[in-house]
Amino acid sequence: CSPDFTRSLSITTPEQKIEKAKGETAYLPCKFTLSPEDQGPLDIEWLISPSDNQQVDRVIILYSGDKIYDDYYQDLKGRVHFTSNDLNSGDASINVTNLQLSDIGTYQCKVKKAPGVANKKVLLTVLVKPSGTRCFVDGSEEIGNDFQLKCEPKEGSLPLRYEWQKLSDSQKMPTPWLAEMTSPVISVKNATSEYSGTYSCTVQNRVGSDQCLLRLDVVPPSNRAGTIAGAIIGTLLALVLISVIIFCCRKKRREKKYEKEVHHDIREDVPPPKSRTSTARSYIGSNHSSLGSMSPSNMEGYSKTQYNQVPSEDFERTPQSPSLAPAKVAASNLSRMGAVPVMIPAQSKDGSIV
């Protein structure tokens, strides 16, 4: 603190440390006295030295020439105010509202009324109250098991103090737990049904407290073997079902593929239908070849017997007019008329000439 240049002006408030919770309002006192010798204009200035010590002192509010200026420091703009409406009365105290962690630091009050000058410092600490505390069991709540009771606040400035209590039954904590009643974690060994009940955990620091409740039910061990066996059987059944579905799908695909292949093969192997005209011609040609070696005397008898053997289905006669009957010429007459037998080549099934 700077020494007073005159005994006439002095700040009566001692230097002090103030702790407040985040979101609350901090009152920073600065009261002074004047003497008749202090005739100059009154100037009051508040500065902040941030806690990181990397920033220079910054003016946060100023009174000069009967006017107040409070827009110097952006982080505190609109949150710092003089508490007195008449600063000449000797009260330069301020309020800092809606405290944030960034408000932590050393605040300095400077008062000047020539020839008197004086200043004092106030250390402000902003703490976070415990909040969002959660109580839970870490482990299986079964007889004979080991597990933990945990108490965890979502936020809260250190140091934190914990206190466990039993609210139900005899309201007495189990003897093995007494050493951990002020710990955030209680380790339970070889649990018994007597441990069942409702418990509370209270978390405290210098600016506030929070509490949570926990219901503990220690029950007999479950049938783990049956549970495991059921899980295994269910898994096997699922695998079998999947295998059956895959098998059926593959079988169906093979059947469809086989049907397509058979249908394709049948269409390729079936030969084109024979031309009835070519069949008849080949038949007549073969008979004419044999006629060439026969004499006219026996040709008539041969024609009657051989031509009658030609299948009727191999000839497709064109429709004739009902008034005109087809003329028949015997083989003997053909020979007398000077006709010469001609051999017509026959064709095999694959189209080659025989």
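Colleague: Which order do the three strands of the open sheet have?
Modeller: First, a word on what you see. This is a predicted model, where local features need pLDDT of at least 70 and side-chain atom pairs count only at pLDDT 80 or more, while totals for chains, interfaces and linings use all residues. Residues are numbered from 1 along each chain as its sequence is written, and side-chain values use heavy atoms, leaving out hydrogens and water. Strands are DSSP runs of at least two residues, numbered from the N terminus, and two of them pair if DSSP finds at least two bridges between them. Here the order is E14-E16-E17, with antiparallel pairing. Strands E14 (161-166) and E17 (208-216) stand at the edges with a single partner strand each, so one side of each has no neighbour in the sheet.

Colleague: How many bridges join E14 and E16?
Modeller: Six, in the antiparallel sense. Glu163, for example, has Thr202 in E16 as its bridge partner.

Colleague: What about salt bridges: how many does a search of the whole structure find?
Modeller: Side chains of opposite charge can pair when their charged atoms come close. The cut-off is a side-chain nitrogen of Lys or Arg within 4 Å of a carboxyl oxygen of Asp or Glu. The search finds six. In one of them, Asp138 and Lys150 have their closest N and O atoms 3.1 Å apart.

Colleague: Is Lys150 buried or exposed?
Modeller: Buried means under 20% relative accessible area, exposed over 50%, and partly exposed in between (1.4 Å probe, protein chains only). Lys150 is buried because its value is 17%, whereas Asp138 is partly exposed at 37%.

Terms used. Helix = DSSP H or I, 4+ residues; strand = E, 2+ residues; numbered from the N terminus.
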